[in-house]
Amino acid sequence: MMFSITVNGRKVLADKGETILSALNRNGIKIPTLCGMKEFTPTGACRLCVVEVEGRERLITACSHPVEEWMNIHTHSPRVLKARKTIIELLLARHPDECLYCVSNLNCELQKLAQELNILERRIRGRKTKIRLDQSGHSVVRELSKCILCSRCVRVCEEIVTVTALDFVNRGQKTHIGTSMDRDFNFTSCINCGQCINVCPTGALHEKQHIAEVQEYLSNKAYQKVVQYSPSVPSTIAQMLGIKPSRDPESMLNGILRKMGFDKIFLTGFGTDILVEELSDRLEKKIKNGETGSLYISACPAWVKYYEQSVNDLPGELSTLKTPQQIMGAIIKSHYAPAAGLKPQEIYSVSVTPCTAMKFEAARESMTTRGICDVDAVLTVRELAKMIKLYGIDAVETEGEQADEPASLKSSAAVIAEVSGGLAEAVMRYTSLKLSGNDPGRKPFKSLRGTSSFREAEPEIQGRKIRVAVVDGLAGFAKLKEQISSGKQYDLVEVMVCPGGCVNGGGMPAPASKEEIRNRARLAYQNEETDPVQMPSASPAIFNFYLKEVKQNAKNPAGKLLHTSFVKRDVLL
Amino acid sequence: MKKVSNPIDEILGRYKPARREDLIPILQEIQEKEGFISEQAIIRVGNHMKLSTTKIYGLATFYDQFRFKPKGLLHLVVCNGTACYLNGAGAILKKIREELGIEPGETTRDGRFSYDVVTCMGGCSNGPLILVAGEFLTGVKPEDITSILGSLKKNTTSENI
């Protein structure tokens, strides 16, 4: 039911049950917020969204207060503006004032608000928050002195990721965001997904940057510099650089990467094709032998760590296949290198991904061959965008180029694999094609697409029903466990830790609304429909290189190349 | 093999699993029994409550009553309530920190001393107060601290540690 309220002297329509903030936003009135996140219950912690309501003695928070018919609201009265300004001044009183040397410089909500509220002098002086830098993890760095205690990371980690590696520790002045027993991050249950980075309004949480290292190697002539990137990277980079959508982002990115000094450019999507090929082999065997228990896809490195530390009572197995990035990494150093007349240690291998957990993945011991890392450095999309600017590359004036053989092509299976549910769909279609000789199309897998955190489908292959489950964000994992304990069995299970899949990864430009994530997924599915190469087997890279050189290579068997091992993790859960 | 029952498991056995409202009483009981809340205790409580250890640690650190390191052989409770504070408890705390080299809630390396700060022990007219080994020291002055700690030290032989 709509009714009208008065805002700043004008009549404005509001809906019963909504908050003051949502009514104001719908009517084009902007209110600053710091602790608020869409799709989360408001906490009213930062007090920045306060407004003046006539008849109320105190200012009230717009984000948490329901709108009522009698209200006469002032959103930018002198009293309100003074309150907001003071809040930011108080936050700044404890802040380290290191904006010029901060990762989030020019990309910081606190900085933006200080500028918007016209804060030009230090009116309040406070004792600075004690400096504590935690860079013990491979993916996420915490800088506690920059934290403003908005609790967004705590809520994301608890409600979306469901790992709860962060919480408020201590009380009053000593309050800070900490981990269990206040340990450093590498001892905790953090699975490196990076969702906390995407919501952090300041530079208190950010990825462990590999920019400086990559930069150093790019100018080193003793190495051949090889780069691989995930399918969602080109369009995201184009968007971040403001390139017209009419240009092919992939060939443009190839041109940019060559200008930066990379010698060879490969597609991580080729690794995904190999993964799909191998996974469907495994599934085929499973179907033929009539094995029970689920096969869990291991393409999400955050999920793999979660499985290692927390999952011990589920029937079935975690596939030992590496992630696409690591498959490519292994192929680059053990197949491409000898073919190019190079030793593995003469190659510097970089990967660009939308994922922060891939940094952790690349550093695992099982991802090395004779002490040499398969992938040497991992850049997030954010870091690559920074580097493109650093190297002064004008993307508009960059000509399109092709990626390099043998991994210059990918099928559309690799594109949709970055959307939650996409990889399961691709594996199922491919398995079905291999077993029955015809492609079942997209229709049987329609229920795997969508936004709910747990989805399932029962496609039929040669008269046998195959049960597939998709866990979209770990919040859906509880649902899976519930289904399994109620007696349901699944043949194939795909788990993606980030809701929406890799297109909403912790290394993507933040923040993304649900609408935007849906758009990214839609884009991937659209690309898939127009792509002539829909199956890995139709990709020339697969039948020219992979089948000949890797799969049927007796001298250098695929086993160690494509498979990894897991460890039991002793962390504080 | 002889089965050794763990005091923490014994406490947890008396509470139904996964009931959040029991968390503080459980932690209080463990502290009473063990003198502090260990990492092992937090892990066990987490398993019992189906809660992340981060949540339990976060909640426990909110309250002054919980400590996470074992107490020293001699545990000092220093009052910093309003009356004691006005009579100079701040200077006493500073002196203790200097002498022992530890913060409240911590224990010296030799395991001899630990101290906590509380907000009132009900002896406001005799402040500043320190409670040690069951005895109240009244009207403590900062310059007394060195000799108090010295005589306490003398009375505990290394065998006690």
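This is a predicted model: local features need pLDDT of at least 70, side-chain atom pairs count only at pLDDT 80 or more; totals for chains, interfaces and linings use all residues.
Leaving aside residues up to four places away in sequence, A:L492 touches A:L283, A:L295, A:I297, A:A424, A:V427, A:M428, A:R467, A:V468 and A:A469. The largest nonpolar core counts 55 residues, and A:L492 is among the members that touch the most others, together with A:F270, A:I274, A:I331, A:L423 and A:M428. Several elements of chain A each supply at least two residues of this core, including the helices α9 (268-289), α11 (324-339) and α15 (422-436) and the strand β22 (468-472). As a general background, nonpolar side chains tend to be buried together in soluble globular proteins.

Attention now turns to the place where the two chains meet. Chain A brings 19 residues to the contact and chain B brings 13 residues. About 1400 Å² is buried between chain A and chain B, and carbon and sulfur atoms give 52% of this area. On the side of chain A, the most area is lost to chain B by A:D167, A:R171 and A:M181, which together make up 41% of what that side buries.

Polar and charged groups also take part. Four salt bridges are counted between chain A and chain B; in one salt bridge, the side chain of B:K55 meets that of A:E158 (3.0 Å, N to O). Across the interface, 10 residue pairs are in polar contact, both residues being at pLDDT 80 or more. Both α4 (152-160) and β8 (167-169) of chain A supply at least two residues of the side that touches chain B, and β8(A) gives the most, with three residues. By type, this side of chain A divides into nine nonpolar, five polar and five charged residues.

How values were computed: Residues are numbered from 1 along each chain as its sequence is written. Chains are lettered from A and ligands numbered from 1 in the order in which they are written. Side-chain values use heavy atoms; hydrogens and water are left out. Contact means heavy atoms within 4.5 Å. Buried area is the accessible area (1.4 Å probe) that two parts lose on being put together, summed over both. A polar contact is a pair of N or O atoms within 3.5 Å; within protein, one must be able to donate a hydrogen and the other to accept it, and residues adjacent in sequence count only if both atoms are side-chain atoms. Helices (H or I, at least four residues) and strands (E, at least two) are DSSP runs, numbered from the N terminus. Ala, Val, Leu, Ile, Met, Phe, Trp, Tyr, Cys and Pro count as nonpolar, Asp, Glu, Lys and Arg as charged, and the others, Gly among them, as polar. A nonpolar core is a set of buried Ala, Val, Leu, Ile, Met, Phe, Trp, Tyr and Cys residues joined through side-chain atoms within 4.5 Å. Buried means under 20% relative accessible area, exposed over 50%, partly exposed in between (1.4 Å probe, protein chains only).
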